[in-house]
Amino acid sequence: MRDGEAWLEFKVKDPSLAESGRLQIEWAEMHMPVLMRLREKYGEEKPLDGVRIAACLHVTKETAVLVRTLKAWGAEVYLAASNPLSTQDDVAAALVEDGVHVFAWRGMSPAEYEWAISRVVESHPHIAIDDGGDLHVYIHEKAPDVGRGVIGGTEETTTGVLREKALEREGKLLYPIIAVNNALTKFLFDNRYGTGQSTVDGILRATNILLAGKVAVVAGYGWVGRGIANRLRGMGARVIVTEVDPIRALEAAMDGFQVMSMHEAARIGDIFVTATGNKSVIREEHMKLMKDGAILANAGHFNVEIDVDALERISVSKRRIRDNLDEYKLPDGRRLYLLAEGRLVNLVAAEGHPSEVMDMSFANQALATLYILKNKGKLERRVYDVPRNQDEEVARLKLETMGIEIDKLTPEQEEYLRSWKV
Ligand code: NAD
Ligand code: ADE
């Protein structure tokens, strides 16, 4: 397809789905006022004119609002999926019509997933936007020459930041990376309220079970785990938390959750949700203790938290009950139910976080691209937090668009807070 003068390269499931995708994007734009204001603010200036951006993000209506913003600022955008099952095919098609090089469709094989990343890397990007680290790691391992031309990158999620900090520790980072995940206006809201709501949404869409009265086990009491535990409790589930960090375990206990080991929880849980960013959190030894009918779901970035290989190995049969719900039968007749193949249940079985919360996450992503360009040549090859003034700008804009006014310190109060005198 031709986009202006350049050939538009892309691969999506079905370009004819574009009309439906356009409507979804319009709906998201209506609920992402901060990003829309920023789009307008820098629209005439075109600060990304001539800038090539490679992005590896879940291809959702909210990502489309970010990508359209980057395009409105002048960028040429190459977009690969951040998970083989999370792409909304109609949105991908609509983005192609917008002139975005999209390489994403729902149900990609692992080889196709990697191929899509290789295609966006071949664009020789100036900026690389990632969610989970697969794009940055690909560049570092397979295309270091491309990496040496990257001005800077960004990272959307906790797991990605951990991987990129590991590259930094080993002295291998080829360009600076802004840890968008670590912005307060990101993790306090996206990881907690976004994942909290959308994980419950995913579990319900996949199963349509009643949560009231169920025993739900949440593994991990970080920002994501806290959100999920609270939302499940809000729906009437009795929630158990498992942790490895004594401080977080204590916090969960004092927040009113039962805290115990996975070994203990495995026998009593009806629903298990992993949210740790770690591997093999639910293992064969736990599965062997679970009740007939137990449901297993994951909200962490990678599909490594539930040992799906072990589940396959110990099962005598497997069948698909409905979309995103697979039944595994154990030799003694007990049945365990795996949601979304153990991948992020909120993005595979539902639509990911609601637009209102992605508004702040992606406002941070957009502003981080401007920060990278403004500081070209000044940043070291390190993982940086988002500057505090950017975080505050996003919070201020969000409050404004929500119609919330807050108080200002009086000069007398400012003086009082600066002084050691009472
Ligand atoms: P976090 O670091 O705040 O919390 C993780 C918690 O898990 C920590 O408290 C840690 O002690 C605990 N933990 C580690 N190993 C454990 C184990 N074996 N058993 C029990 N607890 C264990 O991280 P976070 O921001 O909450 O993110 C968690 C995961 O969710 C990451 O993979 C992140 O990338 C992902 N994430 C997913 C979404 C989504 O849309 N599904 C959104 C944001 C983040
Ligand atoms: N991560 C979690 N929810 C998301 C969404 N709606 N769009 C893109 N990335 C996400």
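The side chain of D326 is in polar contact with that of R320, at 2.7 Å. This contact belongs to a predicted model, and D326 itself is located in strand 15, which spans residues 325–329.

**Salt bridges**

- The structure contains 34 salt bridges.
- E327 is classed as buried because its relative accessibility is 4%, under the 20% cut-off.
- K291 and D270 form a salt bridge in which the closest N and O atoms are 2.9 Å apart.
- That pair joins distant parts of the chain, 21 residues apart: K291 lies in the loop between helix 13 (284–287) and strand 13 (295–298), and D270 in the loop between helix 12 (262–266) and strand 12 (271–274).
- K291 has a relative accessible area of 33% and is therefore partly exposed.
- R283 and E285 are joined by a salt bridge between their side chains, at 3.1 Å from N to O.
- R283 is partly exposed, at 32% relative accessible area, and E285 is also partly exposed, at 44%.
- A network of salt bridges links K61, E62, D201, R205 and E351.

**The ligand 2 site**

- The residues around ligand 2 are H58, T60, E62, T63, L347, E351, G352, H353, M358 and F362.
- E62 and E351 belong to this shell and also take part in the salt-bridge network with K61, D201 and R205.
- Helix 3 (61–72) and helix 16 (355–374) each contribute at least two residues to the shell.
- T60 places a polar side-chain atom 2.7 Å from a nitrogen atom of ligand 2.
- The side chain of E62 has an N or O atom 2.9 Å from a nitrogen atom of the ligand.
- H353 approaches through its backbone, with an N or O atom 2.8 Å from a nitrogen atom of ligand 2.
- On its own, ligand 2 has 260 Å² of accessible area, of which the protein covers 95%.

**Helix 8**

- Helix 8 comprises 12 residues, 158–169, and extends 16 Å from its first C-alpha to its last, close to the 16 Å expected at 1.5 Å a residue.
- The buried residues of this helix are T159, G160, V161, E164 and L167.
- The elements covering those buried residues include strand 6 (127–130), helix 6 (134–142) and strand 7 (152–155).
- Strand 8 (177–179) and strand 17 (383–385) are also among the covering elements.
- G171 follows helix 8 and has a positive phi, near 70°.

Note on methods: Residues numbered from 1 in each chain as written. Chains lettered and ligands numbered in written order. Predicted model: local features only at pLDDT ≥ 70, side-chain atom pairs only at ≥ 80, totals over all residues. Heavy atoms only, no water. Helix = DSSP H or I, 4+ residues; strand = E, 2+ residues; numbered from the N terminus. Expected span 1.5 Å × (residues − 1). Buried < 20%, exposed > 50% of the residue type's maximum accessible area, 1.4 Å probe, protein only. Contact = heavy atoms within 4.5 Å. Salt bridge = Lys/Arg side-chain N within 4 Å of Asp/Glu carboxyl O. Near = heavy atom within 4 Å. Polar contact = N/O pair within 3.5 Å; in protein donor to acceptor, adjacent residues only side chain to side chain. Areas by Shrake-Rupley, 256 points an atom, 1.4 Å probe, with all protein chains shown as cover.
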